[in-house]
Each structure stands twice: as C-alpha cells, then as structure tokens.
Amino acid sequence: MKSPDEVLREGELEKRSDSLFQLWKKKRGVLTSDRLSLFPASPRARPKELRFHSILKVDCVERTGKYVYFTIVTTDHKEIDFRCAGESCWNAAIALALIDFQNRRALQDFRSRQERTAPAAPAEAAEAAVAAAPSEPSGPSPQPKPRTP
C-alpha cells in the first residue's frame, strides 16, 4: 500500500483562474495517493490542495493539438478546469489515483460495517451455543436424590 505522502507524479500543469478573464496559470502539480497539490509560481504562496475525499470525478477530457483539457468536479459540484501538455497524461494519472483512493475507501467502509455487524468471537459463540443448547443424556439418567426433611 502506498503512503499518503508518496509522490506518484510531479510536474507542470495549468489551472484556469476563477477571475473574469479566466486566464491559464502555470502550476507545479504534486500528485499523491490522497491529494493533488498545486504550487503557484510564487515561492511564498501556499499550495492549494485538492483532497480526493472532496473530488467526485475527472471529467470532460478533450485533446487538441498541443494540450489535453480536463475538469475536476468536487463533491460540492464545483468544476475546476485544467490543461496539460498532451504527452504528460496528467488527467489519466489523476483519474487512476482517484479510483485507487475511492476503492481503498470503499474497502475500509465495507470492513468497518462487517466489524459492526459481525457475530461474537468464535470462542464466545461456541460457549453461547453450548449454554443455549438443550443437554441430551449420554447414558442412563441419574436418579433424583431423595429430599431430606
């Protein structure tokens, strides 16, 4: 299993700004198993992190001569547009990392549901079964002892 800090891919991609002119801004992207970090060109600016638990999908992939355009859709249905050089395949790397994250999360959810609904431990279950089962005589039944006054 990959550690959350292990870098899967690092390189340049561009993010469309939210401003009126929607300019493309170059970012240094760092992809790990649980997030995409976007570092701006300015060294003192903080990176923007897109954690996979807040991403629904990678969508709208379009290839032109020089670029691949794609959109990341967040859980609050915000769309963030990106483009990268055609040969860099950032969209595929992000999509695969997101699917891997979602699969790991689904397995964790499944296991935790199983643990909550699992019966008692085997030894405890066996003891409970023995205590609840009617006892059958294995030989002649013992005679009751007479009561003394």
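The model is predicted, so local features need pLDDT of at least 70 and side-chain atom pairs count only at pLDDT 80 or more, while totals for chains, interfaces and linings use all residues. Residues are numbered from 1 along each chain as its sequence is written, and side-chain values use heavy atoms, with hydrogens and water left out.

Helices (H or I, at least four residues) and strands (E, at least two) are DSSP runs, numbered from the N terminus. Two strands pair if DSSP finds at least two bridges between them. Seven strands form an open sheet with antiparallel pairing, in the order β4-β3-β2-β1-β7-β6-β5. At its edges stand β4 (48-51) and β5 (55-63); each has a single partner strand, so one side of each is left without a neighbour in the sheet. On average, neighbouring strands are turned by 30° against each other, direction ignored; axes are lines fitted to C-alpha atoms, for helices over the stretch in contact, and angles run from 0 to 180 degrees between N-to-C directions. Strand β3 (residues 35-39) pairs with β4 in the antiparallel sense over four bridges, and S37 has E49 in β4 as its bridge partner.

Helix α1 (residues 90-117) packs on this sheet, and its direction makes about 155° with that of β5. The expected span of a helix is 1.5 Å times one less than its number of residues; the 28 residues of α1 should therefore span 40 Å, which agrees with the 41 Å between its end C-alpha atoms. Its buried residues (under 20% relative accessible area, 1.4 Å probe, protein chains only) are W90, N91, A93, I94, A97, L98 and F101. These pack against β1, β2, β3, β5, β6 and β7.

A nonpolar core is a set of buried Ala, Val, Leu, Ile, Met, Phe, Trp, Tyr and Cys residues joined through side-chain atoms within 4.5 Å. The largest such core has 20 residues, and F70 and I72 have the most contacts inside it. Two or more residues come from each of β3, β5, β6, β7 and α1, with the largest share, six residues, from α1. Beyond its neighbours within four places in sequence, I72 is in contact (heavy atoms within 4.5 Å) with residues including L36, L50, V58, F82 and I94.

C60, in strand β5, has phi near 50°; at 49% relative accessibility, C60 counts as partly exposed, the class between buried and exposed (over 50%). H77, in the loop between β6 and β7, has a phi of about 65° and counts as exposed at 60% relative accessibility.
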